Amino acid sequence: MTFGSYVRAAREDLRAVDKRFSLRQVAQRIGVEPAYLSKIERGDVAPPSEDTIRRLAADLGQDADILLAMAGKVSSDLQAIIRARPQLFAELLRQLREMPDDAILRVVREVRDGDW
């Protein structure tokens with residue numbers, strides 16, 4: 001599923017129960033033109049900026065990191081963390097690539113709850 005088709009499906013699912021999620025109203029709330037949002041949903045233009053994706057995610061009740069990843073982007077806060085120690089984070093990500101989700105969650109919990 002592409003970024004645009006995912007956004008459209010999420011918006012249409014919400015619109016089925018709440019008319020406030022029309023393309024025009026969502027576009028107005030996130031600060032873009034309806035035609036631009038329509039082009040995003042159809043995949044006629046590249047995904048928007050990080051800020052616009054974050055506003056869109058908030059409006060649709062979606063996880064911004066997931067939408068950013070679908071758009072082929074990495075959030076600016078994660079970029080800053082990686083830039084601080086690029087070699088270590090590159091190695092960490094490469095090691096995590098083949099690990100099952102439950103193993104990654106254990107690592108996350110240990111880092112979060114660890115006594116450093």
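## Packing of helices α2 and α3

Axes are lines fitted to C-alpha atoms, for helices over the stretch in contact, and the angle between two of them runs from 0 to 180 degrees between N-to-C directions. In this predicted model, helix α2, spanning residues 23–30, packs against helix α3, spanning residues 34–42, at an angle of about 105°. The axes of α2 and α3 are 8 Å apart. Angles of 65 to 115 degrees count as roughly perpendicular, so α2 is roughly perpendicular to α3.

On the α2 side, the residues in contact are Leu23, Arg24, Val26 and Ala27. They meet Pro34, Leu37, Ser38 and Glu41 of α3. By class, the residues of this contact comprise five nonpolar, one polar and two charged.

Because glutamate 41 lies in helix α3 and arginine 11 in helix α1 (residues 3–15), the pair ties together parts that are 30 residues apart in sequence. The structure holds eleven salt bridges.

## A nonpolar surface patch

Helix α6, which covers residues 76–84, supplies three residues, the largest share of the patch. Isoleucine 82 is located in helix α6.

Technical notes. Residues are numbered from 1 along each chain as its sequence is written. This is a predicted model: local features need pLDDT of at least 70, side-chain atom pairs count only at pLDDT 80 or more; totals for chains, interfaces and linings use all residues. Side-chain values use heavy atoms; hydrogens and water are left out. Helices (H or I, at least four residues) and strands (E, at least two) are DSSP runs, numbered from the N terminus. Angles under 35 degrees count as roughly parallel, over 145 as roughly antiparallel, 65 to 115 as roughly perpendicular and the rest as oblique. Contact means heavy atoms within 4.5 Å. Ala, Val, Leu, Ile, Met, Phe, Trp, Tyr, Cys and Pro count as nonpolar, Asp, Glu, Lys and Arg as charged, and the others, Gly among them, as polar. A salt bridge is a side-chain nitrogen of Lys or Arg within 4 Å of a carboxyl oxygen of Asp or Glu.
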